[in-house]
Amino acid sequence: MDSQILRQRRTIRKYKDKDIPQSLLNSLLQTAAQASTTGNMQLYSVIVTRDAEKKKALAPAHFNQPMVTAAPVVLTFCADFNRFVKWCELRNAKPGYDNFQSFLTATLDAVIFTQQFCTAAELEGLGICYLGTTTYNPDMIIKALSLPKLVMPVTTITAGYPDDMPQQPDRLPSCAYIHEEQYNDYDGKAIDSLYAPKEALPENRGYVEENGKETLAQVFTDIRYTKQNNEIFSVKFLETLKSQGFDF
């Protein structure tokens, strides 16, 4: 039954005007903390935002997407070496965690923790939405949440009881991403076959038409995730990462 629930999952952007009980939220986060973590260091933190004014303060960092202020709870998941470094220093141990490897390790810990929370939340009847904008404006989030050095926001989740049940998003067939024994690269024929169902969906054909493009791929490269924006946000993220103490 549980696996069927997960197979039917979808992103929820509209929520009922109903709080998530603190006891349930705490239980879900404790469940999430049982997820795998590098060296059992638990290099993550989560900031739980319920207050309406504080959600408003976070909203600009997420391009004012309405679910940020409408959701009963916003959770910002962070790669966190601050706590571990302080423990090391208080125990006469010399930490060396202000580098890329350490940031990557903490980021993986944080993302695994996040996804375990999401899975547990959905099994309890909650809906969630990942906000990719966290990596676009990390400096704004750091300021809004008073994050100290060696703490970096990596993803944000809105959560609540679903107020609608949108259509389940399309996915590539499993043969597109499962490779047996070694990576099997794609030729043009394989790409055509794998992406044809996605390109044929009415909503995707509509995106192509309304944006004046020739192909669905152009909607991604020219409209949604452009080279220019990716480069701008890359520089911004790296500068913020350095200012947070990961100086490499």
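Trainee: Which residue in E4 stands opposite Gly127?

Mentor: Happy to look with you! Gly127 stands opposite Gly160 in E4. Keep in mind that this is a predicted model, where local features need pLDDT of at least 70, side-chain atom pairs count only at pLDDT 80 or more, and totals for chains, interfaces and linings use all residues. Residues are numbered from 1 along each chain as its sequence is written, and side-chain values use heavy atoms, leaving out hydrogens and water.

Now find strand E3, residues 127-131. Strands (E, at least two residues) and helices (H or I, at least four) are DSSP runs, numbered from the N terminus. E3 is mostly covered, as 4 of its 5 residues are buried. Here buried means under 20% relative accessible area, exposed over 50%, and partly exposed in between, with a 1.4 Å probe and protein chains only.

In the loop between helix H7 (138-145) and E4 you will find Ser146. Ser146 is not a glycine, yet its phi is positive, about 55°. Ser146 counts as exposed because its relative accessible area is 64%. Another loop lies between E4 and helix H8 (188-200), and Asp187 is found there. With a relative accessible area of 47%, Asp187 is partly exposed.

Conventions. Two strands pair if DSSP finds at least two bridges between them.
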